[in-house]
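Here is my note on this model, point by point. Keep the structure open beside you as you read.

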Amino acid sequence: MPPASKKILVLRAESQSENLLTKEQGQHIYGRVRNELKGLPCPGLLVLDFLGIQHITLTCLHQILKLFYERDREEWANKCLLIRLQNANSDIKACLSLVAKEDALALLCCDAVGNWEILGKLTHALNITLEVVQQLGRATSEQVSQELGLSLSAASNRLRQLYEMRLVIREEGSLPITGGRRFVYAFVLSYPFRE
């Protein structure tokens, strides 16, 4: 697999304002984010940096987050998005959380020092599965199945859902005896991306 790559996209209004207010601004940023994500090698991480934004409207944010509905497309396979926020700006976090809950999204967010959380919807089952992947560092369906006492198909299904949400990176390998394919998963923030 080629080296993993990370790119930081600083969000700004065209006027260099600290406010993102209009639907048109959101559409413009959506286009930029989509192009940057398309250009990333695979696996890749695009960090949407909201650190300089003081205020954002729900209308603008809905436009930017349209990309999250497209994450299950094959062209976005192993390309993840991370939202970076500053701790002081609780308004933006509240807006992100509201949109994520309304639209049943799971948004991976972190602050400037790397503390992270998922805003929006992540079921308890997926949350504990993600915790197991983090603890193991890299995990297969078999390992998750053993750790959580699940059937192999249930563990595979949970890992596939986390992958489709782009909360984990998936690498393909082969089984030692049969040569069949096996996936190994790693939490996005634990994966060794380079800038």
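1. Which residue in S7 is the bridge partner of Cys109? Find Glu117: this residue of S7 is bridged to Cys109. Please keep in mind that the model is predicted.

2. S6 covers residues 106-110 and S7 covers residues 116-120. They pair in the antiparallel sense, over five bridges. Together they make a hairpin, with five residues between the strands. In the turn sits Gly114, with a positive phi of about 100°.

3. S6 also has a neighbour in S5, residues 79-84. Here the two strands run parallel, and two bridges join them. Cys109 turns up again: Ile83 stands opposite this residue. Arg84 has its bridge partner in S6 too, namely Cys110. As background, strands of a sheet pair through backbone hydrogen bonds, either parallel or antiparallel.

4. Step back to the whole sheet. Five strands form an open sheet, and the order is S1-S3-S5-S6-S7. The pairing is mixed. S1 and S7 stand at the edges with a single partner strand each, so one side of each has no neighbour in the sheet. On average, neighbouring strands are turned by 30° against each other, direction ignored.

5. Is S6 mostly covered or mostly open? Mostly covered: five of its five residues are buried. Check both faces. Ala106, Leu108 and Cys110 are buried on one side. Leu107 and Cys109 are buried on the other. Helix H3, residues 90-102, lies across S5, S6 and S7. The helix runs at about 50° to S7.

6. Next, the largest pocket. About 240 Å³ of space lies in it. Its lining has 17 residues, and the closest to its centre are Lys6, Leu82, Cys110, Gly114 and Leu189.

7. What supplies the lining of the largest pocket? S1 (5-10), S3 (44-49) and S5 each give at least two residues. By type, the lining divides into 12 nonpolar residues, one polar and four charged.

8. Leu189 counts as partly exposed because its relative accessible area is 32%, which lies between the 20% and 50% cut-offs. Leu189 touches Leu82, Leu108 and Trp116, leaving aside residues up to four places away in sequence. Leu82 is also among the residues closest to the pocket centre. Leu189 and Val168 are 21 residues apart in sequence, and their C-alpha atoms are 8.5 Å apart in space.

9. Last, look at Ala125, in helix H4 (residues 124-136). Its relative accessibility is 26%, so Ala125 counts as partly exposed.

Notes:
Residues numbered from 1 in each chain as written. Predicted model: local features only at pLDDT ≥ 70, side-chain atom pairs only at ≥ 80, totals over all residues. Heavy atoms only, no water. Buried < 20%, exposed > 50% of the residue type's maximum accessible area, 1.4 Å probe, protein only. Helix = DSSP H or I, 4+ residues; strand = E, 2+ residues; numbered from the N terminus. Pairing = 2+ DSSP bridges. Contact = heavy atoms within 4.5 Å. 1 Å grid on protein atoms, 1.4 Å probe; cavity = no way out; pocket = protein on both sides within 12 Å on 5 of 7 lines; lining within 4 Å. Points joined across faces, edges and corners; volume = space filled by probe spheres on them. Nonpolar A, V, L, I, M, F, W, Y, C, P; charged D, E, K, R; others polar. Axes fitted to C-alpha atoms, helices over the stretch in contact; angles between N-to-C directions.
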